[in-house]
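Please open the model in your viewer and keep the selection tool at hand. The tour moves from one selection to the next and says what is found at each stop.

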Amino acid sequence: MSHSQSHQNANALFMQALGFVQAGLHHPAEQALQKVIALYEAQQEPQAAAFARMTLARVYADQAKYAAARDVLQQVVEDAEARQDTETLVRALYEVGAVAERMHDTTTAREIYTRVLQTADNAGDRATAALRLGALADAAGQRDEAIAFYRTAFEIFQTIEHDIGIARAAYELARLLAEDNMTEARQFYEQAHTLAEIWGDETLLQALRDLPFHS
């Protein structure tokens, strides 16, 4: 079998595995993904194998098999570091952070998102990490720290003109600042509301309606 045929077979099996994942068929998904990983590794396609591993980790996490998910992701992280593949490394770190959050391991989640914020090349990745750090601080009742992270996210999203990210960070800032700085809070609210209307983000618009402002 040619490399091209093997690649096509691996891709077809991966699509089948994704179908199992979407249907919530965990065991068939696990089996298919393990075969996919082996095929991609045999073809020396490390990025494809890494993506398949991250999908497998999500399947484990959905079943609360958190130790298995972390083991799989650790391998992805180590492989990406060895290959100096920053893009894959950041994707894997986000998956590690998500698993940590599901385990209520906020210490690890914060460490992971801080690493992304400090080292990621992509501005969008850094901004998203700042959002997650803000949410974790907010959930822990650390309001000032949460505001600082949300400001960081807002500023980064502005530099790349990421409207949805700007709106999300602005909403969080409006919500927290409404306690003691209504003037600034209203400015963030109006910016979030304008962008949410432009993009038709009904979820965010509904959240904005719960804030103490009027359009």
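Predicted model: local features only at pLDDT ≥ 70, side-chain atom pairs only at ≥ 80, totals over all residues.

Begin with the largest pocket, whose volume is about 160 Å³, by selecting its lining residues, which are Gln-47, Ala-48, Phe-51, Met-54, Arg-58, Glu-87, Thr-88, Arg-91, Tyr-94 and Glu-95. If you colour the model by element, you will find that helix H3 (46-62) and helix H5 (86-102) each give two or more residues to this lining.

Stay on helix H5 and select Leu-89, which has its place there. Leu-89 has a relative accessible area of 14%, and because this is under 20%, the residue counts as buried. Apart from neighbours within four places in sequence, Leu-89 is in contact with Val-77, Ala-80, Glu-81 and Arg-115.

Next, go to helix H2 (residues 26-42) and select Glu-30, a residue that is buried, with a relative accessible area of 10%. When residues up to four places away in sequence are not counted, Glu-30 touches Leu-56, Val-59, Tyr-60, Gln-63 and Lys-65.

For the last stop, turn to the surface and select Ile-164, Ile-198 and Trp-199, which form a nonpolar patch with about 330 Å² of accessible area together.

Notes:
Residues numbered from 1 in each chain as written. Heavy atoms only, no water. Helix = DSSP H or I, 4+ residues; strand = E, 2+ residues; numbered from the N terminus. Buried < 20%, exposed > 50% of the residue type's maximum accessible area, 1.4 Å probe, protein only. Contact = heavy atoms within 4.5 Å. Patch = residues over 30% accessible without salt bridge, like charges linked within 9 Å, V, L, I, M, F, W, Y side chains within 5 Å. Areas by Shrake-Rupley, 256 points an atom, 1.4 Å probe, with all protein chains shown as cover. Salt bridge = Lys/Arg side-chain N within 4 Å of Asp/Glu carboxyl O. 1 Å grid on protein atoms, 1.4 Å probe; cavity = no way out; pocket = protein on both sides within 12 Å on 5 of 7 lines; lining within 4 Å. Points joined across faces, edges and corners; volume = space filled by probe spheres on them.
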